[in-house]
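Trainee: I am new to this structure and should like to go through it step by step. Please begin with any term that I shall need.

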Amino acid sequence: MAGVLRWKCSYTPFGWHMGFGWHMEYRVVCRVFNVPKPTVHRLVHKVAQNIWDNLGRAIRFPATVDLPAVGQGFADISRTPAFHNVVGAIDGSHVRIKPPNCHKLDYLNYKGFYSINMLTICDSNGRFLDIYVGYPGSVHDTRIMKNSSFYTAGRYPPTGYIILGDGGYPCLATPICLITPFKEPVQGPEQRRFNHYHSKGRSIIERAFGMMKTRWRSTLFRAVEAKPTFAPQVIASCAFLHNVCMDNGDPLTPDEDILRDRYDPQPPREPMAYNETSGNDIRNRLAALVSGNVQAP
């Protein structure tokens, strides 16, 4: 199993190669720029390493003073003021790779292709706040989350705030407040209404992945032709540059085929661990707030 790489980040231009593939396109770049293939290979790895070393300068959690604005952003996109304390949406995204001969089945995900998983939290604009990339595709999103530092150290979200996740995650109050939709079939209009607005707020993470994969389509929407030890740097570099583009006023409409690829069946929900407490009471109160059956504190 490949090692898990923790990414954090300075703007360094990643250059023209992000729009190309890998080994075959190296030869194209060599001809166009009249440079040896080893030089192109070395520069690609050097730039990726430079981005990796500086990830925290573009991918980071918001400052405490900015959290109310982040929450207002989620209230706006979900169309309910009940979500004013939502400060993130979480999900994993499978990036296709050509698997190694060793431990090949570790990379075969539940969708039926070989991949590396990138776990991400984004804000209401689709800007990545944290990424955790490197696990083989067979590993469940929940297990990846439970090995991340924001979960183990309870770093995000801060007390009083929540993040939204899909039905593959457990609904939690601690060690982090992660609120998921009610399990289908729902029990009554209040739960149905909550799931509707929850989906509106959470769907921004799907669009964030869609924007990133559309922007770096030739690299991320087909099998990354890089070793599993280097592929996480490629993926992290794309996430870094996605944020750089967003910060410079360059959003993107995701391609439809990429968005369709995101809406595949989810893996089954994993149960809560011994150190976790249920978020059902918080979810029930939010559902009542959404339906106007209680007043906000």
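Mentor: Contact, or touching, means that heavy atoms lie within 4.5 Å. Helices (H or I, at least four residues) and strands (E, at least two) are DSSP runs, numbered from the N terminus. This is a predicted model, in which local features need pLDDT of at least 70 and side-chain atom pairs count only at pLDDT 80 or more, while totals for chains, interfaces and linings use all residues. Residues are numbered from 1 along each chain as its sequence is written, and side-chain values use heavy atoms, with hydrogens and water left out.

Trainee: How many helices and strands does the protein have?

Mentor: There are 11 helices and eight strands.

Trainee: And what is the average pLDDT?

Mentor: The average is 86, and 88% of the residues score at least 70. pLDDT is the predictor's confidence in each residue, from 0 to 100.

Trainee: Where does pLDDT stay under 50?

Mentor: That is the case over residues 1-23, for which the model has 88 contacts beyond four places in sequence. Where pLDDT is low, the predicted coordinates should not be read in detail.

Trainee: What share of the residues is buried?

Mentor: Of the 297 residues in the protein, 53% are buried. Buried means under 20% relative accessible area, exposed over 50%, and partly exposed in between (1.4 Å probe, protein chains only).

Trainee: Let us turn to helix H11. Which of its residues are buried?

Mentor: Helix H11 covers residues 280-290, and its buried residues are Arg283, Leu286, Ala287, Ala288, Leu289 and Val290.

Trainee: What covers them?

Mentor: The cover includes strand E5 (162-164), strand E7 (178-179) and helix H6.

Trainee: And Arg285, is that buried or exposed, or in between?

Mentor: Arg285 is in helix H11 and counts as partly exposed, because its relative accessibility is 40%.

Trainee: You mentioned H6. Why does Asn195 count as buried?

Mentor: Asn195 belongs to helix H6 (residues 189-202) and counts as buried because its relative accessibility is 11%. Leaving aside residues up to four places away in sequence, Asn195 touches Pro181, Phe182, Glu184 and Val186.

Trainee: What kind of peptide bond joins Glu184 and Pro185?

Mentor: That bond is cis, with omega at about 0°. Pro185 lies in the loop between E7 and H6. Another cis peptide bond joins Tyr156 and Pro157, with omega at about 5°, and Pro157 is in the loop between helix H5 (149-152) and E5. Most residues other than glycine have a negative phi, and most peptide bonds are trans.

Trainee: Then what is the phi of Asn34?

Mentor: Asn34 has a positive phi of about 55° although it is not a glycine. Asn34 lies in the loop between helix H1 (23-33) and H2 and is exposed, since its relative accessible area is 71%.

Trainee: What about His103?

Mentor: His103, also not a glycine, has a positive phi of about 60°. This residue sits in the loop between strand E2 (86-96) and strand E3 (115-122), and is partly exposed because its relative accessibility is 47%.

Trainee: A new topic: at what angle do H2 and H9 pack?

Mentor: Helix H2 (residues 37-53) and helix H9 (residues 231-247) pack at about 65°, with their axes 9 Å apart. Axes are lines fitted to C-alpha atoms, for helices over the stretch in contact, and angles run from 0 to 180 degrees between N-to-C directions.

Trainee: Which residues make the contact?

Mentor: Ala48, Gln49, Ile51 and Trp52 come from H2, and Gln233, Ser237 and Phe240 from H9. They divide into four nonpolar, three polar and no charged residues. Here Ala, Val, Leu, Ile, Met, Phe, Trp, Tyr, Cys and Pro count as nonpolar, Asp, Glu, Lys and Arg as charged, and the others, Gly among them, as polar.

Trainee: Is Pro232 buried or exposed?

Mentor: Pro232, which is in helix H9, is buried, because its relative accessible area is 1%. Its C-alpha atom is separated by 7.6 Å from that of Ile116, 116 residues apart along the chain.
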